[in-house]
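Me: Please take a close look at the first chain of this model. Walk me through its parts and its contacts.

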2 protein chains.
Amino acid sequence: MSEVRVGLIGLGTIGTGVARILLEQTELMARRLGKRVRLTAVCDRDLSHDITHHRGLDLSGVRLVHDAAKMLAADDIDIIVELIGGYEPARSLVVEAIGHGKHIVTANKALIAKHGEELFTLAAQHGTAIGFEAAIGGGIPCLKALREGLAANAITSVHGILNGTCNYILTRMEDEGADYHDVLRDAQTLGYAEADPTFDVEGVDTAHKLAILGAMAFGSTIDFASVHTEGIAAITPDDIASASELGFRIKLLGIAKPHGDGVEMRVHPTLVPIESQIAQVSDSYNAVLISGDFVENTMYYGRGAGERPTASAVVADILDIARALPDGIAHLAPPMGFPAAHRLNLATTPIAEVECEYFLRLMVQDEPGSIAAITQILADHRISLEAVIQKARHQTQAVPIVLLTHQTREGNLNTAISRIAALESVQGEAMILRIERFGA
Amino acid sequence: MSEVRVGLIGLGTIGTGVARILLEQTELMARRLGKRVRLTAVCDRDLSHDITHHRGLDLSGVRLVHDAAKMLAADDIDIIVELIGGYEPARSLVVEAIGHGKHIVTANKALIAKHGEELFTLAAQHGTAIGFEAAIGGGIPCLKALREGLAANAITSVHGILNGTCNYILTRMEDEGADYHDVLRDAQTLGYAEADPTFDVEGVDTAHKLAILGAMAFGSTIDFASVHTEGIAAITPDDIASASELGFRIKLLGIAKPHGDGVEMRVHPTLVPIESQIAQVSDSYNAVLISGDFVENTMYYGRGAGERPTASAVVADILDIARALPDGIAHLAPPMGFPAAHRLNLATTPIAEVECEYFLRLMVQDEPGSIAAITQILADHRISLEAVIQKARHQTQAVPIVLLTHQTREGNLNTAISRIAALESVQGEAMILRIERFGA
């Protein structure tokens with residue numbers, strides 16, 4: 001039985017999972033492939049302890065190296081698995097490995113979002129494959145679905161719950177009526193959120209993933225910098241309760257859609273109809289809703305993180321490459337689903353040109369004519385309303401007013417909102433959230 | 001740009017959709033593949049009318065033939081798409097086409113469930129590919145997910161809502177408290193159910209699909225005849241209401257699980273926890289929940305039928321084959337995910353040996369000691385209870401009693417049930433439904 005040899009860089013959470021599959025699932029993989037997949041070498045920078053029995057693994061038959069550079073040209077490695085994360089040294093290592101003709105598998109969404117185009121070009125020049133299924137949606141094989149399973153379709157939209165930390169926080173805020181900061185602190189204690197949660201809660205992680213998904217969906221080049229990105233830190237229990245009363249849940253979504261000759265690429269907290277399939281995705285689960293002109297709505301759901309689920313996706317890429325070796329790499333679907341020559345540079349639509357329905361929450365002094373003044377400004381801008389909620393009545397304090405608008409251009413809404421903010425009866429900043437609906 | 005040529009047999013609902021994609025989506029497919037996919041010939045048996053403009057298609061550039069046999073050896077066809085359905089003449093046509101070295105794409109679950117093994121062997125001998133993604137879950141690329149996306153896993157269970165007609169009927173029965181026969185009649189009027197709905201409502205269609213899915217999940221040969229199959233005709237609005245009160249919905253599921261050295265393969269109405277992801281799948285939508293030892297739960301959701309969604313899956317298979325042509329067919333994943341030499345003949349577990357939790361509904365004369373007698377018999381068989389519901393009280397009429405059991409062997413339960421049925425206070429047949437839960 002022929003053999004495909006893997007070198008693994010990075011023995012953190014996902015790396016440990018990948019090593020575990022490669023060591024424990026050897027018979028099953030050989031049954032599926034008719035080839036053996038062998039973990040030849042593992043690189044971990046930590047020299048302080050013997051990693052031979054790292055987290056219950058038996059690495060006694062595997063070469064342990066501390067300097068990744070020494071693996072990249074090794075004759076006994078076909079596939080380099082990069083699992084150190086971040087931009088550098090990941091990028092340099094992958095560039096060098098491709099230069100030595102190695103095939104690449106990575107779970108590094110930051111790397112692909114920022115340097116993917118460079119790496120794809122280099123890989124094409126060297127005839128090597130590059131797999132990154134694990135970068136998006138953890139264990140969910142959503143890139144394969146988009147790239148191959150839905151290839152008959154012009155994709156009409158992608159909506160993803162792509163960050164488990166944010167979904168966990170929003171789910172608990174909804175279930176418990178709890179405050180964002182309290183839930184975040186608890187999530188950090190439980191290990192569901194990082195000590196520095198910035199990348200997650202500010203939407204950057206979701207934006208990395210969306211930049212890749214959106215480019216793959218529409219055959220465009222990856223343009224991470226242009227993704228409009230908002231996080232969840234400003235969401236209050238009141239917003240969640242008001243949304244619920246109106247038949248919505250709030251989810252942090254990554255959204256990609258065609259818009260004229262360009263594409264909308266945006267990450268923000270979003271109201272989704274409570275009966276929609278994506279609204280049912282709770283806790284740290286991820287899901288990607290992909291719609292196409294023939295297939296209509298499809299959804300892919302599963303664990304978006306964690307040692308074992310993410311490792312499942314990494315090894316799926318390894319097995320696809322292993323099946324194609326030694327002489328079928330050219331027959332694999334191209335990494336972004338379209339050959340390089342057929343990819344476009346689609347412009348990202350400025351957020352002011354996006355058209356949505358909107359949820360607005362304003363703090364308003366409860367005095368005669370205050371609602372009339374607000375709704376008159378909206379009417380001046382031809383923004384019609386689907387719902388208005390005003391509940392608590394105070395003589396002295398401001399009360400929240402919630403408005404749902406019909407479809408309008410965001411720039412238009414913003415102009416109206418700045419006029420509304422200038423009203424004497426309106427206090428503080430308006431909370432503006434976008435609404436998405438998903439057809440039948 | 002090179003060209004891959006397709007011959008299409010059967011211009012019914014799905015065939016029309018496939019022709020539509022091949023004719024209307026040519027530029028997109030060429031962009032994705034770097035090759036042209038051309039519909040060369042279409043076969044329809046109906047000689048009574050000119051099909052050149054069949055359902056809005058423009059088939060003027062396509063050869064129209066009425067005798068499929070004349071397409072099978074044609075030099076200008078690489079891939080034969082079989083969309084006539086049923087066992088024969090589909091089987092004979094596919095056998096002959098493979099003999100002529102043609103690659104096959106089909107949406108025919110009956111054909112694959114019954115004759116798949118013969119066709120796979122023949123295709124392997126002739127070095128041709130055989131794709132059948134559209135046979136299961138309509139447009140949902142669930143076979144690709146199972147075969148490739150989850151290949152790092154030992155699959156631990158498959159649960160599918162695989163028949164849109166049944167799911168539509170059960171959803172409406174639940175939403176409206178309506179009777180099975182009334183909803184079925186309405187579904188037939190609306191075109192959601194066939195004039196002869198036997199294959200759908202008796203679970204045969206689901207069993208065809210499950211036989212294929214289960215064999216693919218566990219690397220076994222397809223054994224349709226051994227699938228335990230029950231339909232939905234006996235489900236009453238009372239069952240649905242009682243299930244709901246206990247926190248469950250009733251769905252017709254196809255279920256495949258390892259059991260000792262064999263596999264459970266069963267199709268039956270099933271209670272699923274109302275908060276589970278699969279319970280949220282309503283109307284005619286399909287979903288497949290696949291769990292693996294590393295990936296945990298994943299779910300694939302979408303349209304399980306219809307011209308356009310099913311055609312999307314057919315064309316995905318065409319594109320996979322087209323990408324591999326002319327010399328990469330051997331690098332495609334084998335049709336059932338494992339090379340023939342590595343597939344096993346796993347025995348299907350007899351239903352009496354399956355262990356489940358059960359929902360029991362009995363009609364019982366409401367007299368002192370009647371519940372005691374029933375629960376005593378269950379206790380005698382070491383079947384413990386999780387819940388008992390008795391509500392309506394009548395002096396003269398029998399009243400329904402609903403029991404939820406803890407895990408027990410089905411053979412054991414059946415013995416207890418036959419003793420219970422012999423009690424004087426118990427009237428009619430017991431309704432016995434199995435329960436499935438889905439972990440975290």
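Reply: Chain A is divided into domain 1 (3–139 + 307–340), domain 2 (142–303) and domain 3 (352–435). These bounds come from an automatic or database domain assignment. The model is predicted: local features need pLDDT of at least 70, side-chain atom pairs count only at pLDDT 80 or more, and totals for chains, interfaces and linings use all residues. Residues are numbered from 1 along each chain as its sequence is written, while chains are lettered from A and ligands numbered from 1 in the order in which they are written.

Start with domains 1 and 2. Their centres in chain A, taken over C-alpha atoms, are separated by 27 Å. Domain 1 of chain A gives 18 residues to the contact, and domain 2 of chain A gives 23. Residues are in contact if their C-beta atoms, placed from the backbone, lie within 7 Å. On the domain 1 side, helix α4 (residues 109–126) of chain A supplies the largest share, 7 residues. That side has 9 nonpolar, 5 polar and 4 charged residues. Here Ala, Val, Leu, Ile, Met, Phe, Trp, Tyr, Cys and Pro count as nonpolar, Asp, Glu, Lys and Arg as charged, and the others, Gly among them, as polar. Helices (H or I, at least four residues) and strands (E, at least two) are DSSP runs, numbered from the N terminus.

Next, one helix: α10 (residues 237–245) of chain A. Its buried residues include Asp239(A), Ile240(A), Ser242(A) and Ala243(A). Seen down the axis of α10(A), the buried residues fall within an arc of 165°, so they line one face of the helix. The arc is that of the directions from the helix axis to the C-beta atoms. Buried means 20 or more other C-beta atoms within 10 Å of the residue's own; exposed means 12 or fewer, and partly exposed lies in between, with C-beta atoms placed from the backbone. Gly247(A) follows α10(A), with a positive phi near 95°.

Now strand β17 (residues 426–435) of chain A. It pairs with strand β10 (residues 262–273) of chain A in the parallel sense, over 2 bridges. Leu271(A) has Ile435(A) as its bridge partner there. With strand β13 (residues 355–365) of chain A, β17(A) pairs in the antiparallel sense over 7 bridges. In that case Gln427(A) is the bridge partner of Met363(A). Pairing requires that DSSP finds at least two bridges between two strands.

That leaves the contact with chain B. Chain A gives 49 residues and chain B gives 49. On the chain A side, α2 (26–33), α5 (142–149), β12 (296–303) and α11 (307–324) each give two or more residues. The largest share, 10 residues, comes from α11(A). By class, this side has 23 nonpolar, 17 polar and 9 charged residues.

β12(A) pairs with strand β12 (residues 296–303) of chain B in the antiparallel sense, over 5 bridges. Tyr300(A) has Tyr300(B) as its bridge partner.

The symmetry comes next. A rotation of 180°, with 0.0 Å of shift along its axis, superposes chain A on chain B (RMSD 0.0 Å). The two copies are thus related as by a two-fold rotation axis. The superposition is by least squares on the C-alpha atoms of residues with pLDDT of at least 70 in both copies. Tyr300(A) comes closest to that axis of the residues of chain A, at 2.4 Å (C-alpha). Of the interface residues of chain A, 100% are also interface residues in chain B, so the copies meet through the same surface.

Terms used:
Two residues are in contact if their C-beta atoms, placed from the backbone, lie within 7 Å.
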